[in-house]
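Please open the model in your viewer and keep the selection tool at hand. We will go from stop to stop, and at each one you will hear what to select and what is there.

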Amino acid sequence: MGVPAVLMLPLVLLGISGLLFIYQEVSNLWSKSAVQNKVVVITDAISGLGKECARVFHTSGARLVLCGKNWERLQSLHDALISVADPSKQTFTPKLVLLDLSDISCVQDVAKEVLDCYGCVDILINNASMKVKGPAHKISLELDKKIMDANYFGPITLTKALLPNMISRRTGQIVLVNNIQGKLGIPFRTAYAAAKHAALGFFDCLRAEVEEYDVIVSTVSPSFIRSYRVHPGQGNWEDSIWKLFFRRLTYGVHPVDVAEEVMRTVRRKKQEVFLANPIPKAAVYLRTFFPEVFFAVVACGVKEKLNVPEEG
């Protein structure tokens, strides 16, 4: 009995691998059909994540509207997408739109331009984000306001401008790419965390409001989106829980993985996704169920950081 069982093991593994491959191929085809010919607006398309989202949705046959605040970089992205397009598959030339979400006054005009061009928006991906790091008392109020404009008021202004069209058509999906800091606050990132908390609260409320109109609201919250060029430095990070926690956070999630998750979220119409390593996930649960412990760990980390002189 032992020998046949050993011989069957490779066949079982081969069968499982085959089923997983078939499932992946079917999922990819399903993903592409879910967005084919759909008008998809991506904000901050020139960021690492924005570029990957543009690539994924463009190859799937979406009619892209790529928004960014630098025309040269938008044009470079446009040329890159066109150059790698598969001639055997139907793709559409992306529309480029200059948009700086921290400038609220121009958002309504951009929404009107998109609707005048296509007549509708099927999927809005709110990806734009502006970061700042430093002690709260050293961050100016003007900078706080700019962070709120880019991360909160800009996305909700664009959403409100496009939402009536979705409601009248009784279809559409709004995706907010948020951050772990929409769920817990990390020291020295007060303005950023406040904006992310506000955005998550807004879209959580909006989800319930528009459900009756068959409009889907989704939030995708990675821990941190890893840079293409920046890699975590080597060091003795195992000295404390604080350092171990942030060592894991610095790895973050690769833009390719986040973009693919955004596509899955659109395809499956998922309401909320949290992308993170086990330690950040544990931190969120710790903050929820044992807040005193979480606050104590964070406070110890702040004291340690203030007591250690920075290099350079």
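**Before you start**

This is a predicted model, in which local features need pLDDT of at least 70, side-chain atom pairs count only at pLDDT 80 or more, and totals for chains, interfaces and linings use all residues. Residues are numbered from 1 along each chain as its sequence is written, and side-chain values use heavy atoms, with hydrogens and water left out.

**Stop 1: the whole chain**

Show the chain as a cartoon: its secondary structure comes to 10 helices and 7 strands. Helices (H or I, at least four residues) and strands (E, at least two) are DSSP runs, numbered from the N terminus. Of the 312 residues in the chain, 44% are buried. Here buried means under 20% relative accessible area, exposed means over 50%, and partly exposed lies in between, with a 1.4 Å probe and protein chains only. Among the contacts with a separation of 6 or more, 74% are between residues 24 or more positions apart; a contact means heavy atoms within 4.5 Å.

**Stop 2**

In what order do the 7 strands of the open sheet lie? The order is 3-2-1-4-5-6-7, with parallel pairing. At the edges are strand 3 (95-98) and strand 7 (272-275), each of which pairs on one side only. From one strand to the next, the twist averages 15°. Two strands count as a pair if DSSP finds at least two bridges between them. In general, strands of a sheet pair through backbone hydrogen bonds, either parallel or antiparallel.

**Stop 3**

Select strand 1 (residues 39-42). Val39 and Val41 point one way, Val40 and Ile42 point the other way, and all are buried. In a regular strand the side chains alternate between the two faces of the sheet.

Ile42 stands opposite Leu66, while Val41 has Val65 as its bridge partner. Then look at strand 4 (residues 123-126), which runs parallel to strand 1 and is joined to it by 3 bridges. There, the bridge partner of Ile42 is Ile125.

Show helix 2 (residues 48-59) as well. Together with strand 1 and strand 2, helix 2 makes a right-handed β-α-β unit. A crossover is right-handed if, with the strands pointing away from the viewer, the path from the first strand over the helix to the second runs clockwise.

**Stop 4**

Strand 2 runs parallel to strand 3, joined by 4 bridges, and Cys67 has Val97 in strand 3 as its bridge partner. The chain crosses from strand 2 through helix 3 to strand 3 in a right-handed β-α-β crossover.

Select helix 3 (residues 71-83) to see how it packs on the sheet, touching strand 2 (63-68) and strand 3. The direction of helix 3 makes about 165° with that of strand 3. Axes are lines fitted to C-alpha atoms, for helices over the stretch in contact, and angles run from 0 to 180 degrees between N-to-C directions.

**Stop 2: the other edge**

Go to strand 6 (residues 215-222), which pairs with strand 7 in the parallel sense over 4 bridges. Pick Val220 and you will find its bridge partner, Val273, in strand 7.

**Stop 3: the rings**

Show the side chains of Phe, Tyr and Trp. Rings (for Trp, the six-membered ring) pair if their centres lie within 6.5 Å; planes under 30 degrees apart count as stacked, over 60 as edge-to-face and the rest as tilted. The count comes to 4 aromatic pairs. One of them is Tyr152 with Phe202, an edge-to-face pair at 6.3 Å centre to centre with 85° between the planes. Tyr152 lies in helix 5 (residues 141-169) and Phe202 in helix 6 (residues 190-210), so the pair ties together parts that are 50 residues apart in sequence. Both Tyr152 and Phe202 are buried. Select Phe153 and Phe203 too: ring pairs link Tyr152, Phe153, Phe202 and Phe203 into a cluster.
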